[in-house]
Structures are given as structure tokens and as C-alpha cells.
Amino acid sequence: MRSVAVQTDRELGGSASVLVRQKRDHVRLNELLGRLEVSAGAEQQHLLLKVYRLVFPHAFAEESVLWPVMRRMLPDGGTLTREVEREHQEVNELVTELEHIRPGDARRDEILDRLIDVLREDVRDEEDVLLPRLQSVLRPRQLQALGLAWEGVRRVAPTRAHPIVSRRPPGNVVAALPLTAVDRVRDRIDARLLTGLPSDSRLPRLSSVLTRLSHRIELLPVMRRGEDSSTRSSRRLPRLVRFPYVLKGAAGVAAFALLVLVVGGRSVSGARRGDR
Ligand SMILES: [Fe+2]
Ligand SMILES: [Fe+2]
């Protein structure tokens with residue numbers, strides 16, 4: 001079976017095919033990782049945000065759309081997808097560690113190096129093993145339909161690390177709405193903070209409140225439904241677990257996340273107006 005890395009778009013089912021879409025993102029990721037390896041300071045932080053925005057929605061759409069199809073179509077689909085789900089889980093845990101590590105901590109470089117290695121391993125496993133297997137059982141039309149479904153989910157998926165959430169449906173699907181809302185507000189605020197321009201002094205505080213909120217939302221048991229024991233978070237983030245649950249159900253979470261979206265949006269646009 002040939003790696004999708006060496007096949008043409010035509011061989012992969014055309015530009016709409018899920019294989020072409022996957023390969024496009026992987027090429028972009030490799031380019032970002034190359035730059036990340038030699039970066040430092042604010043530039044590194046900026047590149048990390050770009051990597052998160054690319055990797056997390058991409059992986060979320062794999063976990064909720066692609067891997068369930070592989071499990072249905074291939075007799076060894078469970079084993080194959082479990083391996084990449086473990087890699088995704090490790091990426092989620094490493095990024096969460098990076099979020100909580102103190103500035104100047106010597107472990108930061110070690111965690112970053114491991115993150116880059118795991119992301120590269122994930123791309124190789126998918127391009128050399130999983131995706132060619134998917135190609136072997138689906139016709140071009142089916143690859144294109146799957147491409148549309150994968151792209152649709154990717155565009156509305158969470159953009160940050162969520163190590164407690166199940167890597168499988170239905171938990172990850174339930175988690176999508178509230179976590180996407182919170183993550184995308186965080187993205188806007190963090191991107192604003194990294195510009196170096198004067199901004200609303202409340203933004204750093206708002207960013208850390210949203211980080212804590214997203215990890216609290218993750219603790220809702222419904223978001224762990226469907227979880228395979230091999231991808232259960234190895235560290236339950238004790239510091240976060242100590243926080244009391246402030247939201248009692250999925251409806252409450254969704255309503256609160258939407259509120260955050262509105263308030264956060266206003267805060268960012270208010271800061272923008274202030275700069276003019
Ligand atoms: Fe991928
Ligand atoms: Fe992946």
C-alpha cells in the first residue's frame with residue numbers, strides 16, 4: 001500500500017477527497033513545526049497558536065468523523081485508530097502542560113520537543129498506514145463525501161487542548177459546542193495579546209479565566225462518554241479537579257459558553273476601537 005504522501009491528488013480522489021484535504025493540512029503542519037523548532041519568545045508563542053488552530057480541529061474531525069468509519073469498514077480498524085487516538089491524547093496532555101508551566105521552567109523545551117515528535121509520528125502513521133487503508137475500501141466518490149463531512153466538522157471544532165474529553169463519540173461530539181465557543185474566544189484574545197499593541201488590560205485575565213473555564217467544562221462526565229480506557233487522561237489535572245463544578249449540565253454549559261462568546265467578542269472589539 002502506497003503512502004498518501006507520494007500519491008497525486010488525482011490518485012487520492014480529487015481535490016474534495018478527504019485524503020487530499022488531510023495531506024494539505026499535514027504539509028502545512030510540517031512547515032509550521034519546522035519553524036517552531038528554531039523559534040523562541042513571542043514568535044514561538046505565535047507559532048504555537050497557529051499549530052493549535054490547525055491541529056486540534058483537524059484531529060477532532062478525525063476522531064468524530066474518520067475513525068468511526070475506519071472502525072466500521074476495517075476488521076482491524078479498532079486497533080489502528082486506537083494508536084492514533086493515543087497520539088492525539090498525548091498531544092492534548094503535552095499542550096495542557098505547556099499552558100500551565102511556569103515561565104523559565106527547564107521542562108518547557110523538553111515538552112515542546114516531545115510535542116513536535118508526536119505530531120510528526122501522527123502524520124506518518126496516518127499518511128503511511130491509516131489513510132491508505134481507508135483508500136483501499138472506499139471509492140473516490142465516498143472519499144469525496146467523507147471529505148465534505150470532515151471539512152464541515154473541522155470548521156466548527158474546538159481549537160485547544162482538551163485532555164479529559166473522550167477521544168471518541170459521543171463524548172467528544174457533546175463537548176464540541178461549549179468548548180468550541182470558549183476556545184474561539186480565547187483564540188481571538190490570545191492573538192490580540194501577541195500583537196504587542198496596547199490592549200485592554202482585562203484581556204490577560206479574561207484569557208486565563210477562559211482557560212480554566214474550558215478545563216472545568218471538560219470535567220462534566222457526559223464528555224467522557226465513549227472513551228476507550230487506553231486514551232483516558234493519565235493525569236487528571238489535580239489543580240483543576242479541585243475547582244467545584246459551577247455548571248451542572250450540558251444546557252448550562254452551552255448557555256454560559258455562548259455568553260462568554262458575546263462578552264469576549266465585545267471585549268476584543270472594544271480593545272480594537274481603543275487602538276484606533
Ligand atoms: Fe491527519
Ligand atoms: Fe491525527
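Leaving aside neighbours within four places in sequence, Leu 130 is in contact with Met 70, Leu 80, Val 84 and Asp 125; two residues are in contact if their C-beta atoms, placed from the backbone, lie within 7 Å. The model is predicted: local features need pLDDT of at least 70, side-chain atom pairs count only at pLDDT 80 or more, and totals for chains, interfaces and linings use all residues. Residues are numbered from 1 along each chain as its sequence is written, while chains are lettered from A and ligands numbered from 1 in the order in which they are written.

**Overall make-up**

- The chain has nine helices and zero strands. Helices (H or I, at least four residues) and strands (E, at least two) are DSSP runs, numbered from the N terminus.
- Read from the N terminus, the order of elements is α-α-α-α-α-α-α-α-α.
- Of the chain's 276 residues, 38% count as buried. A residue is buried if 20 or more other C-beta atoms lie within 10 Å of its own, exposed if 12 or fewer, and partly exposed in between, with C-beta atoms placed from the backbone.
- Take the contacts between residues at least 6 apart in sequence: 77% of them join residues at least 24 apart.

- Leu 130 sits in helix α4. Leu 130 counts as buried because 23 C-beta neighbours fall inside 10 Å.
- Leu 130 and Val 84 are 46 residues apart in sequence, yet their C-alpha atoms are 9.0 Å apart in space.
- Helix α3 (residues 77–100) and α4 cross at roughly 160 degrees, and their axes come within 9 Å. Axes are lines fitted to C-alpha atoms, for helices over the stretch in contact, and angles run from 0 to 180 degrees between N-to-C directions.
- α3 and α4 are therefore roughly antiparallel to each other. Angles under 35 degrees count as roughly parallel, over 145 as roughly antiparallel, 65 to 115 as roughly perpendicular and the rest as oblique.
- The α3 and α4 crossing is left-handed. That term applies if the near helix is turned anticlockwise from the far one by less than a right angle; clockwise gives right-handed.
- Val 137 also belongs to helix α4 (residues 107–137). Val 137 is partly exposed, with 13 other C-beta atoms within 10 Å.
- Not counting residues up to four places away in sequence, Val 137 touches Met 73 and Leu 74.

**Helix α5**

- Helix α5 (residues 140–155) has 16 residues and should span 22 Å at 1.5 Å a residue; its end C-alpha atoms are 22 Å apart, which agrees. The expected span is 1.5 Å times one less than the number of residues.
- Buried in α5 are Leu 143, Gln 144, Leu 146, Gly 147, Trp 150 and Arg 154. Seen down the axis of α5, these buried residues fall within an arc of 165 degrees, so they line one face of the helix. The arc is that of the directions from the helix axis to the C-beta atoms.
- The face turned away from the buried side of α5 carries exposed Arg 141 and Gly 152.
- Cover for the buried residues of α5 includes α1 (18–37) and α2 (41–73).

**Helix α1 and its packing**

- α1 and α2 pack at about 155 degrees, with axes 10 Å apart. That makes α1 roughly antiparallel to α2.
- The α1 and α2 crossing is left-handed. Contributors to the contact include Leu 29 and Leu 32 of α1, and Leu 47 and Val 51 of α2.
- α1 and α5 pack at about 50 degrees, with axes 7 Å apart. That makes α1 oblique to α5.
- Val 18, Leu 19 and Arg 21 of α1 meet Leu 143, Leu 146, Gly 147, Trp 150 and Glu 151 of α5.
- Val 18 lies in α1. Val 18 is buried, with 28 other C-beta atoms within 10 Å.
- Leaving out residues up to four places away in sequence, Val 18 touches Leu 66, Leu 143, Leu 146, Gly 147 and Trp 150.
- Val 18 and Pro 140 are 122 residues apart along the chain, with 9.6 Å separating their C-alpha atoms.

**A cis peptide bond**

- Most peptide bonds are trans. The bond from Pro 169 to Pro 170 is cis, with omega near 5 degrees.
- Pro 170 lies in the loop between α5 and α6 (171–193).
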